[in-house]
Amino acid sequence: MAQRVLMKGNEAIAEAAIRAGCRHYFGYPITPQTEIAAYMAKKMPKIGGVFLQAESEIASINMVYGAAAAGMRVMTSSSSPGISLKSEGLSYIAGSDVPALVVNVQRGGPGLGGIQPSQSDYFQATKGGGHGDYRMIVLAPASVQEMASLTIKGFELADKYLMTSMILADGTIGQMMEPITFEDTEVKTYEKPWALTGTNGQRKHNVVNSLYLKPDELEQKNIARYERYKVVEENEAMWEEYMMEDAEYCVVAFGIASRVAKNAVVAARKEGIKVGLIRPITLWPFPKKALAKAAEQVKGFVCVELNMGQMIEDVRLYTQCKKPVSLCSRCGGMIPSPEEVLESIRKAQKGEF
Amino acid sequence: MNHKRLTLFAGHYGSGKTNIAVNYAIHLAKEGKKVCIADLDIVNPYFRTKDSAQRLQSAGVTLISPQFANTNVDLPALPAEAYRLVQDKSIYGIMDIGGDDRGAYALGRYVDTIREEGDYRMVFVANCYRPLTPTAEDALEVMHEIEEACKLQFTDIVNNSNLGPETTAQTVLDSLDFIEKLSSLSGLPVFAHSAMESVAGQLTELPNVFPLRLQEKYFDLPTI
């Protein structure tokens, strides 16, 4: 068995990225994700990689764009306000169909907000953020081990579908420590014949660009891109179901909220309430099938989030409002306690949503 | 354990400095000493000495903490009151230094006074299960970077090798080769082996075991 190590979530992301073959990191410090940059600064020079602290978030995302266009496995990381700054670059990367990994270790917002954990960038991550028609694969780790495994998965999916994978974590998972293992599994790589690697006079030059002079051509590009997104939606949704077999009520929560919610589900079961948990691991593509199935089975849903209610819109959408959905949430850097979630489950059982 | 008037805890970030500093301060207070602990962490705004404010207060330990600790103000400012530790020779002072060389820069401003008095112990906290210090050589590198940053030499090592909640007596025993090698490479004695209370009780064959009561979490998280 591989060695156990005691890691912070942020460190696990950095180490996993290196193991996934990432040798180009461009970033700018911001709490609570700075350990990612610090780890890269320490390790990259020792393994022939590039760590570069750019002059701003905008510069760093455009460096990511450049390295991605050159066919490199490349990443950047930031926290909420920094991701807003990177949004223009995210749109250009999407419009150029190049793969990249972007990490958002969320903190409370809007504006400068605070440095405590939050999940209030759900809309920004899953619905856009930057301009134009585009999607990102959004992965939501709920443990330090998943910070590592989903980072590797994120690089693979990005290369496979030529799009950005975002790790949507939060300050708690970024900062907390858990013992984890890095398994020696093979990381998938993909040929990149479109990359700007120099022609050596041997082939026609490649072009990576998001500008189209003819509107019909731009339309066709968008349509082709959405065909690819359809394949992602069909094949790549990931979720975990917990005690759902006989559940009459369903808690939906991702990331750190799902860990708290699991405590509450266990406590509610002890009180005889038949409740289960669906934990979306990919927020885009959203686990539509799991929610649609649950909507036929349960009497109601409790959505637990660290925001004013964002994922709840997707829960209502993909259950087609067949069953009532209540919201149990805290925001601004606060986390609901297991007791608060338990109380929401009790209310659901009484028909109060 | 013989105690110096000043005890400074430094090391790699996430090695357990704060938990050890807090427990050590309470340990001294229980011996009837007048103890003051200062939070000099200018690197990480989380997991601070202030988290243990209640426990320190009920043990009679004075806590000196930056004004904005545990708020949203992520400001690397030192509390002015921290000078009390080096100047008031009637107290036992504990300094909780921030991680790595970056954290140790904060210590620089007190070093001349500390060295002049000469009654201090500077402890390197080591955990071989942390990803950037898996070998004695790696830990030694961090040790030298810290000394370079604060211009003060370590005098002791604390072996705080642990895997968080998965720590068993065997986890600590498996770290002995690491810590002995670090001790021989650096020429510094192992001041103590620290471990959470439940594990420390099982380490009867080791000398100088220092049991830790860990800072309580907001709530326990189930594994997934």
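Here are some questions and answers about the predicted model shown above.

In this predicted model, local features need pLDDT of at least 70 and side-chain atom pairs count only at pLDDT 80 or more, while totals for chains, interfaces and linings use all residues. Residues are numbered from 1 along each chain as its sequence is written, and chains are lettered from A and ligands numbered from 1 in the order in which they are written.

Q: How many helices and strands does chain A have?
A: Both kinds of element are DSSP runs numbered from the N terminus: helices are H or I with at least four residues, strands are E with at least two. On that basis, the secondary structure of chain A comes to twelve helices and 14 strands.

Q: Which residues of helix 2 of chain A are buried?
A: A residue is buried if 20 or more other C-beta atoms, placed from the backbone, lie within 10 Å of its own. Helix 2 (residues 34–43) is mostly covered, with seven of its ten residues buried. Its cover includes strand 1 (4–8) and helix 1 (9–19) of chain A. The buried residues are T34(A), E35(A), I36(A), A37(A), A38(A), Y39(A) and M40(A).

Q: Are helix 6 and helix 8 of chain B parallel or oblique to each other?
A: Axes are lines fitted to C-alpha atoms over the stretch in contact, with angles from 0 to 180 degrees between N-to-C directions. The axes of helix 6 (residues 136–150) and helix 8 (residues 176–186) of chain B come within 9 Å and cross at roughly 50°. Angles under 35 degrees count as roughly parallel, over 145 as roughly antiparallel, 65 to 115 as roughly perpendicular and the rest as oblique. Helix 6 and helix 8 of chain B are therefore oblique.

Q: Which element of chain A gives the most to the side that touches chain B?
A: Two residues are in contact if their C-beta atoms, placed from the backbone, lie within 7 Å. The contact takes 25 residues from chain A and 19 residues from chain B. Strand 1, helix 1, strand 8 (177–181) and helix 9 (255–270) of chain A each supply at least two residues of this side. With five residues, the element that gives the most is strand 1 of chain A.

Notes
Buried ≥ 20, exposed ≤ 12 C-beta atoms within 10 Å, placed from the backbone.
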